[in-house]
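Here are some comments to read alongside the structure.

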Amino acid sequence: MDGLREKYLEQVAGAADENALEQVRVAALGKKGEISLQMRELGKMTPEERQVAGPALNALKDEINSALAAKKVALEDAALDERLKTEWLDVTLPTRARREGTIHPISQVTEEVTAIFADMGFSVAEGPQIESDWYNFDALNIPGHHPARAEMDTFYTHRKEGDNRPPHVLRTHTSPVQIRSLEANGAPIRIIAPGRVYRADYDQTHTPMFHQVEGLAIDKDISMANLKWCLEEFVKAFFGVDHVDLRFRASHFPFTEPSAEVDIRCSWAGGTLKVGEGDDWLEILGSGMVHPKVLQAAGVDPAAWQGFAFGVGIDRIAMLKYGIPDLRAFFDSDLRWLRHYGFSALQVPAVHSGV
Ligand code: DAH
């Protein structure tokens with residue numbers, strides 16, 4: 001029995017890993033292990049012999065079991081130490097540099113315009129980009145034969161064969177949101193409606209999809225003077241200048257009467273645009289007093305309510321403010337362009353931070 005003890009304690013001590021240790025356990029104490037077989041022999045002994053051999057075998061079994069358990073813990077500790085040595089990690093190292101995305105100038109300028117008009121009490125309205133010809137044209141006092149329809153290079157959708165209703169269009173301007181907002185909320189109202197518009201046109205300053213922001217203010221006593229003040233405030237805040245000269249040029253839009261195109265005084269000296277000084281004029285928007293027929297089409301009584309509307313090209317004023325020469329590049333998704341002209345996500349426009 002001493003021989004067995006010595007043999008197995010030595011094997012336990014010498015086991016290099018948990019597999020080897022398990023083999024020692026099976027050899028000693030497994031079903032057919034050497035010590036287990038010895039225990040089976042007890043049955044064949046005389047009671048006197050058994051009284052001596054039984055407790056001794058049990059003690060041996062216990063001793064080897066605890067040696068196995070202790071060795072198992074020691075092997076596990078050693079394995080963990082080994083792993084910790086190779087998987088060591090310095091959490092104080094700097095992180096890997098990651099390229100940050102940028103906010104597109106269109107998004108930035110839309111936020112800027114929204115912040116400025118929100119400060120004057122305008123809320124933001126939206127409408128669908130696929131529009132019925134009623135909202136895009138008729139309700140805005142542009143009847144079927146009107147030249148404005150032809151001039152707008154409209155994209156038409158398909159109707160099924162035999163369906164003779166007029167086709168829907170990709171909205172050619174944000175003005176239909178005037179009608180939808182008045183229908184939904186009635187007067188008085190003060191909204192701006194930024195969004196995508198579509199016309200079949202393509203050159204350095206035109207893309208088939210571009211952006212406008214519509215403005216609409218209807219109340220009992222709103223006049224051209226209110227329009228002029230609002231636009232002056234807007235232009236000053238947007239271009240970040242204290243003074244600006246606006247020129248209201250008589251014009252014609254079917255949905256306003258009277259109508260005016262608005263220019264701002266500027267200079268192109270040295271090739272860069274300066275707003276508020278110089279002898280040049282830059283057209284930036286169309287505007288006017290909302291036509292009574294438009295109010296009527298939207299279910300608002302033109303005898304009781306009146307107001308102004310305007311439409312600005314967002315892409316155009318973005319190009320002017322940030323000196324971007326080609327409109328087409330806005331929509332090329334060229335990462336180099338986006339990194340150059342894009343804005344940090346932390347540059348959130350707000351009137352109090354100078355927009
Ligand atoms: N809808 C016009 C366009 O797309 C712009 C416009 C002009 C809008 C005058 C208006 C307005 O609200 O009063 O060219």
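1. A salt bridge, as the term is used here, is a side-chain nitrogen of Lys or Arg within 4 Å of a carboxyl oxygen of Asp or Glu. Please keep in mind throughout that this is a predicted model. Side chains of opposite charge can pair when their charged atoms come close, and the structure holds 22 salt bridges by this criterion.

2. Consider Arg-149 and Asp-133, which form a salt bridge whose closest N and O atoms are 3.8 Å apart. The pair links distant parts of the chain, since Arg-149 belongs to helix α7 (residues 147-151) and Asp-133 to helix α6 (residues 133-136), 16 residues apart. Are these two partners buried or exposed? Both Arg-149 and Asp-133 are buried.

3. The salt bridge between Arg-165 and Asp-163 brings its closest N and O atoms to 2.8 Å. Exposed means over 50% relative accessible area, so Arg-165, at 51% relative accessibility, counts as exposed. Asp-163 has 24% relative accessibility and therefore counts as partly exposed, because that class covers the values between under 20%, which is buried, and over 50%, which is exposed.

4. Another salt bridge is made by the side chains of Arg-265 and Asp-245, with 2.8 Å from N to O. Arg-265 lies in strand β7 (residues 256-267), while Asp-245 sits in the loop between α9 (224-239) and β6 (246-253), so the pair ties together parts that are 20 residues apart in sequence. Arg-265 counts as partly exposed because its relative accessibility is 23%, and Asp-245, with a relative accessible area of 26%, is partly exposed as well.

5. Sorted by class, the contact of α2 with α3 has four nonpolar residues, one polar residue and one charged residue.

Methods:
Residues are numbered from 1 along each chain as its sequence is written. This is a predicted model: local features need pLDDT of at least 70, side-chain atom pairs count only at pLDDT 80 or more; totals for chains, interfaces and linings use all residues. Side-chain values use heavy atoms; hydrogens and water are left out. Helices (H or I, at least four residues) and strands (E, at least two) are DSSP runs, numbered from the N terminus. Buried means under 20% relative accessible area, exposed over 50%, partly exposed in between (1.4 Å probe, protein chains only). Ala, Val, Leu, Ile, Met, Phe, Trp, Tyr, Cys and Pro count as nonpolar, Asp, Glu, Lys and Arg as charged, and the others, Gly among them, as polar.
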